[in-house]
Amino acid sequence: MTPTTVQYKYKEGNLSRSVPNKLRPENLRSEEMIVNLGPQHPSTHGVLRLEVLLDGEIVQEVVPHIGYLHRCFEKHAENLPFNQIIPFVDRLDYVASMNNEHAYAMGVERMLGIADQIPKRVEYIRVLVAELNRIASHFIAIGTYGMDIGAFTPFFWVMRDREHILRLLEWASGARLLYNYIWIGGLFYDLPVGFEDRCREFVQYIKPKLQELDNVLLQNKIFVDRTANVGVLPLDLAINAGVTGPVLRGSGLRYDLRRVDGYSVYPELEFDIPVGEGKMGKVGDCWDRTSVRYQELHESLRIIEQCLAQLTGDHKRSRDFDPQALVPKKIRPKAQDFYVRAEIPKGELGFFFRTDGRNDVPVRCKCRSCSFVNLSVLPEISKGVLIADLIAIIGSIDVVMGEVDR
Amino acid sequence: MTLDTIVSILKGALGEITLQPDTHATPQALIVDRAQILSVCKTVHQHPELYFDMLSCVTGLDNGPQTNTMEVIYNLYSIPYNLHLMLKVVLPREQLEIDSVASVWRTADWLEREVFDMYGIHFTNHPDLRRILMPADWEGYPLRKDYQNPQYYRDIKIEY
C-alpha cells in the first residue's frame with residue numbers, strides 16, 4: 001500500500017478526542033452498569049443508539065444518541081431552488097414520502113399565494129395518495145412493533161399488504177418509496193387510467209385483513225400483557241414535551257392537524273380521530289398508541305373511499321385536465337418568514353422558511369420533525385422500567401431515523 | 001386574538017418591555033429583546049388567556065457576517081385557544097448567548113441542543129447542552145453562512 005492510499009493515521013489521542021458517552025463509569029454506584037444498545041440493534045428501528053444505565057434489569061436512565069443518519073437536509077435546502085428540495089423532503093420520513101411532500105408543497109404554495117387556486121382534483125389526488133401512504137407507514141409501525149416484542153407473523157402479513165400500496169403508488173409516480181409526485185402547484189402526472197378501480201379493489205381486499213391483524217396482534221393475550229400499562233405517557237407531560245401524532249392521541253387528546261388546521265380538502269371529508277381510552281390498561285400506554293394507529297387505518301380507508309367517490313364523480317378525469325397547469329415556472333416567494341405544519345403519520349411535520357424575495361432558494365428551511373421531538377420523551381417515560389419493556393416503549397413511539405437525523 | 005391583544009397582555013404582566021411586531025411573518029410574530037425571552041415565554045405559557053402550551057419549533061438562523069447577527073425563532077401554539085405565535089430574538093454574533101426555555105417546555109431541550117449544534121448559540125441554564133446531530137468532536141458550526149467545509153476529520157480526508 002502506498003502512503004497516498006492510507007486513509008487513517010492512528011494516533012493515541014484520536015480515541016479520547018470525542019466523548020461518545022454521557023454517563024461516566026467512575027460515577028456509577030457498584031450495582032449499576034452501563035449497557036450500550038445500538039446503533040445496529042434491530043429493535044432500535046434504524047441507527048438509534050441508547051446508552052442505558054441499568055440496576056440489574058431495571059432501567060435507571062436512558063440517553064439517546066442520534067445523528068448517525070444525518071444528511072444535512074437543511075444545509076442542502078439552503079442551496080437548492082424550492083422545487084428541487086422535494087426529493088430531499090421525500091427522504092425525511094422515507095416510509096411516508098407522500099405526506100412529507102404534501103406538507104412541503106402546501107407550505108410553498110401558501111407562501112406564493114396560490115394555495116387557494118389549486119384544482120380540487122389535484123387536492124383529492126394528493127389526499128388519496130397521502131392516505132394510502134399513511135396506511136403503509138402505520139403497517140410498518142404496527143408490524144415492526146409486533147416483531148420487536150416477539151410476534152413474527154403479523155410483520156409478514158402487513159409487509160405483504162403494504163406491497164399492494166407500494167405497487168399502486170409506483171404505478172402513479174414511477175417510484176416505490178421516494179415519489180417526487182406532489183409538485184409545488186400541482187402533481188407530476190394525473191392518476192393512471194384504471195387507478196381508481198384498482199384502488200377500490202385494494203380497499204375491499206384490505207378490510208378483512210385488518211380484522212385479521214386485530215385478532216392476531218392487538219387482541220392477542222401475549223401482546224396485551226407486553227404492552228398494557230407499559231410506558232405510560234401522561235397527557236400533561238406529552239403536551240409539555242411537544243409530542244404529536246398517535247403518541248399524543250394515545251395519551252387521550254383528540255388533536256389531529258387534519259381537523260385542527262383543516263388544510264387541503266380534509267374539512268370536506270368525514271373521518272373520526274381515534275384516541276387512547278385505556279381499554280387494556282392506563283391511558284397513554286404502549287397498547288393505546290398501537291391501538292390508535294390501528295384505528296387510524298380504518299379512518300384512512302374511509303378517507304380513501306370518499307376521495308375515490310369524488311375522483312370518479314364530481315372531479316372525474318377529463319381530457320383537458322392538466323395537473324401541472326399551475327406549477328410556477330419560477331418559484332420566488334416574496335420576503336417573509338413562514339411556518340407551515342401538517343399531520344404526517346408520526347405527528348406534526350413543520351417547515352420554517354425564510355425567503356428574501358430576490359432568490360429562488362430559501363435563506364433558511366428548517367424542518368421540525370415529529371420523530372425527533374417524539375423521541376425526546378423516551379428518557380422520561382422509560383425510567384424504572386425493565387429492559388425488555390424499554391424495547392417495547394421504543395417501538396411504540398414509532399421513530400423513523402431518517403426523520404430524526406434529517 | 002390579534003397581536004395587539006397579546007402585546008397588551010404581555011405589557012400588563014411584565015411592565016414596559018420592548019415588543020416589536022413583525023409584519024412579514026406568518027403566523028404573527030413579535031421581536032423580543034434577548035434579556036426578556038424567558039420571562040415572555042413564561043408569561044405566554046402560563047397566562048390564562050393565552051396558554052401557549054406547545055412549543056412547535058425552535059429555529060436558529062444566521063444572517064451572515066455582513067449583517068453580523070443571528071436569530072433564534074420560537075413557534076408557539078396554544079391548543080385550548082388555537083392560537084399561533086412566533087417569537088424572534090436577534091443576537092449579535094459577538095455574544096451568542098440566550099436564556100434556555102427548557103424550564104418552560106421540555107421540547108426545548110432537544111430543539112435548543114440542535115440550534116447549539118448547528119449555530120453555536122449558547123443557551124444558558126440548559127440542562128444538558130451537548131452536540132446532538134454532529135459528532136462530539138466536530139469543529140465549527142455547520143449551518144453558519146461562513147462555515148468552511150473541513151478537509152479532514154480525525155485525519156480522514158473528507159471527499160465531497
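Guide: Start with confidence. Chain B has a mean pLDDT of 87, and 99% of its residues reach 70 or more; pLDDT is the predictor's confidence in each residue, from 0 to 100. The model scores ipTM 0.90 and pTM 0.90. This is a predicted model: local features need pLDDT of at least 70, side-chain atom pairs count only at pLDDT 80 or more, and totals for chains, interfaces and linings use all residues. Residues are numbered from 1 along each chain as its sequence is written, while chains are lettered from A and ligands numbered from 1 in the order in which they are written.

Now the contact. On chain A, 37 residues are in contact with 34 residues of chain B (in contact: C-beta atoms, placed from the backbone, within 7 Å). Several elements of chain A each supply at least two residues to this side, among them α1 (12–17), α9 (235–240), β7 (347–355) and α13 (370–375). Helices (H or I, at least four residues) and strands (E, at least two) are DSSP runs, numbered from the N terminus. The largest share, 5 residues, comes from β6(A). By type, the touching side of chain A holds 14 nonpolar, 10 polar and 13 charged residues. Here Ala, Val, Leu, Ile, Met, Phe, Trp, Tyr, Cys and Pro count as nonpolar, Asp, Glu, Lys and Arg as charged, and the others, Gly among them, as polar.

Look again at β6(A). This strand pairs with β2 (residues 25–26) of chain B in the parallel sense, over 2 bridges; pairing takes at least two DSSP bridges between the strands. A:Asp337 stands opposite B:Ala25 in β2(B).

Note on methods
Contact = placed C-beta atoms within 7 Å.
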